[in-house]
Amino acid sequence: MQFSIQREVLLKPLQQVVGVVERRQTLPVLANLLVQASGERVSFTGTDLEVEMIASTPATGVHEGEVTIPARKLFDIVRALPDGAKIDVKLNGERVALNAGRSRFTLATLPSTEFPVIDEIELVERVTLPEEVLRDLMDRTSFAMANQDVRYYLNGMLLDLQEHTLRCVATDGHRLALKQTQLESSVAARRQIIIPRKGVNELVGLFETGEGSVEIEFGRNHLRVRRGDVVFTSKLIDGRFPDYEAVIPLGADKTATIDREVLRSALQRAAILSNEKYRGVKLELSPGKLRIVAHNPEQEEAVEEVECETSVSDLAVGFNVGYLLDALGALRGENVRLSLRDAQSSCLLQEEGNEDARHVIMPLRL
Amino acid sequence: MGTIAAMATERAIIHVDMDAFYASVEELDDPTLAGKPVIVGGLGGRGVVSTCNYEARKYGVRSAMPTSRAQRLCPQAVFIFPRHDRYAEISAQVFAVFGEFTDDIEGLSLDEAFLDVTGSLRLFASIEAIGRQIKLRIRERTGLNASVGMATNKLVAKLASELSKPDGFLRVRPEEVRATLDPLPVGRLWTVGKVAEENLHRIGILTIGELVRCDPARLQRALGRQVAGLQALARGEDERPVHREVAEQSISAENTFEVDIADLAMAEAWLLRMSEKVARRARDRQMKGRTVTVKLREPPFTTYTRQAQLPVAGYATQDIHQLARRLLHAWWTQQPRPRLRLLGVGLSGFGERAQNDLFQPAASAPQADRIQDRINEKFGAGSLVRAGVLKTRE
């Protein structure tokens, strides 16, 4: 195997795949990237057995072949080489040589036959979306995913595909974030898949702002996303996501419409004096007014009053202020609508006159 | 800006340390031990001495020494396996005494604490009056001796209690600090460990006084670190505040095995036993936690920890055990040749108990746990255990 490539051209695919490689592996070969040269291109594959990322790029002087190279070292070397350097890569027996100007590196390899790759994914559905739309769906919900929860199916993101709609849903049990988009074509049957947390984070990191479109392939046990020169594949979490629609409050009839930025900055100020551990703030509604109160163990107090459109009186509910701020940060538009029922029930936050993004937050017992 | 008068206000810091605490509790509960050497510690081949009484110390027995060595040094000693629940009970009484004098209590362990009584000086004649009262009340209520050190900072207060124990009582006034500290071996100084001590000895510094007088540049070459702070400590200067008791961060139990465990069923039995213990203690304190941690040590000393979150904060034995078991299994199946020298279970994440969950109702202690707790309260810890635990007693 042999090829020549300019540093910047090589750096981009390496950046895209190196994040998948775990710092501590169960198998030695998982610390390596699979490098495959053929035709006029070179491709790089990183995997942790759950998430696989393949990025390819054109190269010159390609002699066909494949081998695996230590990922981190290769990336660090290429990154540290001077701008514009031309790099020659050549496999000599069990070693690979990297030459660039007056720098020479010899790296150990492992045979490509040891490298585990995901081949077929048993395609069941395919959807094409503008990249920006998919990025938005994931970016504005992923913060609510659980981490290390014993309910393993929450440690990831639900993609719920039905008829003309694709929804991304994430929840850690305390709050839930949902964002949906309309599809150009409709799907035959409802599909629900859960992408593991790491896969979601890698995927979100891959997206760039731009005009392009991405192709999502729903497999029986995998999800595959194709974007330009990159193919991302993730195993799915084998479990049933809870019935999230049942926890989106419908009977929450006590609503208030509030300027989003005003509410956000008031909460940020109140948060300073909330208990560091519980981060509790109390929301008190009275006609035309929302009062935000926070206390900490030192008996310090913050009170904020925000003008809002509401006829509710005499309702006080406690929330983790971090959850409220996360939700407000994921919403757009000038005004948000807050829907409540009582101090024990969840609240719903959404943009005024728009149901595409919904955030459900469970109260704190203050 | 503080005024000169305010800056000159000296703090009043007390260090209280119970004398040979575990051993003294044992003597208290069993009067036949009086006058005999008593050693409390792990009893197996890998056990170490937790505490020994002064009688045993005459034979050279020290805490943290392997029990087997203590047995050779003092074969006639009475060896006792520690009863932590009992020590915790007495410790609570001791800390209750502290609470009668100040809220600024920094507990270092069951039997040792710093107290900042600066604010209490308005109510009592002097720091000695407070120290005397603390000593007296501990004696009255628990029958045990405490050593009390008093000074204007933590460093000197602790040295004062150490210098005066057993049954100690010593106040070191600011003008006496140098005379008290200077003759002490340099290893007695806080932050001077074994390595630093050796390095200091190498350049001829044997006492704290010599450390004070040493040229900083020379000192820095010998220690290879910044020395201004160290020399300030040697002069008895210490600005560290007394940190108030922070809420408990975690409740845990662990066990080091006599013989390494290579059998998953046995590891599970131990895991259940420790889950029961942790859950019981969490219920005692009404502390619901969300994070369960399993600590695993492969021989000789490779330690792993694995943790996961409960859906809602809780303290039910079954919930904690189930999650701990899942973590143990995941680890076990990943190891080529799993063996355990130590296994521990911990519960933490107590802050989230007030948060409601979307999918699960708030957790409460199941009936079985409540009955078990009541029986164990009445007939002693360990009277009623889950059958799976019995395997660990074989």
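**View 1. Looking for disulfides turns up none.** A search of the whole structure, which is a predicted model, comes back with 0 disulfides over all chains. A disulfide here is a pair of cysteine sulfur atoms within 2.5 Å. Two cysteines are worth a look anyway. A:Cys347 is buried, at a relative accessible area of 0%, and B:Cys214 is buried too, at 8%. The words work like this: buried means under 20% relative accessible area, exposed means over 50%, and partly exposed is in between, using a 1.4 Å probe and protein chains only.

**View 2. A proline in a loop of chain A.** A:Pro249 sits in the loop between strand S17 (230-235) and S18 of chain A. Helices (H or I, at least four residues) and strands (E, at least two) are DSSP runs, numbered from the N terminus. Is A:Pro249 buried or exposed? With 12% relative accessibility, A:Pro249 counts as buried. Leaving out residues up to four places away in sequence, A:Pro249 touches A:Ser346, A:Cys347, A:Leu348 and A:Val360; contact means heavy atoms within 4.5 Å. Also look for A:Arg341: its C-alpha atom is separated by 8.5 Å from that of A:Pro249, although the two residues are 92 apart along the chain.

**View 3. Strand S18 of chain A and its partners.** Strand S18 (residues 254-259) of chain A runs antiparallel to strand S24 (residues 335-340) of chain A, and 6 bridges join them. Two strands pair if DSSP finds at least two bridges between them. In this pairing, A:Ala256 stands opposite A:Leu338. S18(A) also pairs with strand S22 (residues 309-310) of chain A, again in the antiparallel sense, over 2 bridges. There, A:Thr257 is opposite A:Glu309. A handy bit of background: strands of a sheet pair through backbone hydrogen bonds, either parallel or antiparallel.

**View 4. Chain A by the numbers.** How many helices and strands does chain A have? The secondary structure of chain A comes to 6 helices and 26 strands. Chain A has 366 residues, and 54% of them count as buried. Take the contacts in chain A between residues at least 6 apart in sequence: 66% of these join residues at least 24 apart.

**View 5. An open sheet in chain B.** Four strands of chain B make an open sheet in the order S9-S12-S10-S11, with antiparallel pairing. The edges are strand S9 (250-261) and strand S11 (302-314) of chain B, each pairing on one side only. From one strand to the next, the twist averages 15°. Axes are lines fitted to C-alpha atoms, for helices over the stretch in contact, and angles run from 0 to 180 degrees between N-to-C directions. Inside the sheet, 7 bridges join strand S10 (residues 289-298) of chain B to strand S12 (residues 340-348) of chain B. Here B:Lys295 stands opposite B:Gly344.

**View 6. Helices against the sheet of chain B.** Helix H13 (residues 264-284) of chain B lies across S9, S10 and S12 of chain B, and runs at about 155° to S9(B). Helix H14 (residues 317-334) of chain B packs on the sheet as well, touching S9, S10, S11 and S12 of chain B, and its direction makes about 145° with that of S11(B).

**View 7. Two helices of chain B crossing.** The axes of H13(B) and helix H15 (residues 367-379) of chain B come within 11 Å and cross at roughly 85°. H13(B) and H15(B) are therefore roughly perpendicular to each other. The cut-offs are: under 35 degrees is roughly parallel, over 145 roughly antiparallel, 65 to 115 roughly perpendicular, and the rest oblique. From H13(B), B:Glu276, B:Arg280 and B:Arg283 meet B:Asp369, B:Gln372, B:Asp373, B:Asn376 and B:Glu377 of H15(B). The residues of this contact divide into no nonpolar, 2 polar and 6 charged. Ala, Val, Leu, Ile, Met, Phe, Trp, Tyr, Cys and Pro count as nonpolar, Asp, Glu, Lys and Arg as charged, and the others, Gly among them, as polar.

View 8. Most residues other than glycine have a negative phi, and most peptide bonds are trans. A:Gln148 has a positive phi, near 55°, and lies in the loop between helix H3 (131-139) and strand S11 (156-162) of chain A. The peptide bond from B:Lys165 to B:Pro166 is cis, with omega near 5°.

**Notes.** Residues are numbered from 1 along each chain as its sequence is written, while chains are lettered from A and ligands numbered from 1 in the order in which they are written. In this predicted model, local features need pLDDT of at least 70, side-chain atom pairs count only at pLDDT 80 or more, and totals for chains, interfaces and linings use all residues, while side-chain values use heavy atoms, with hydrogens and water left out.
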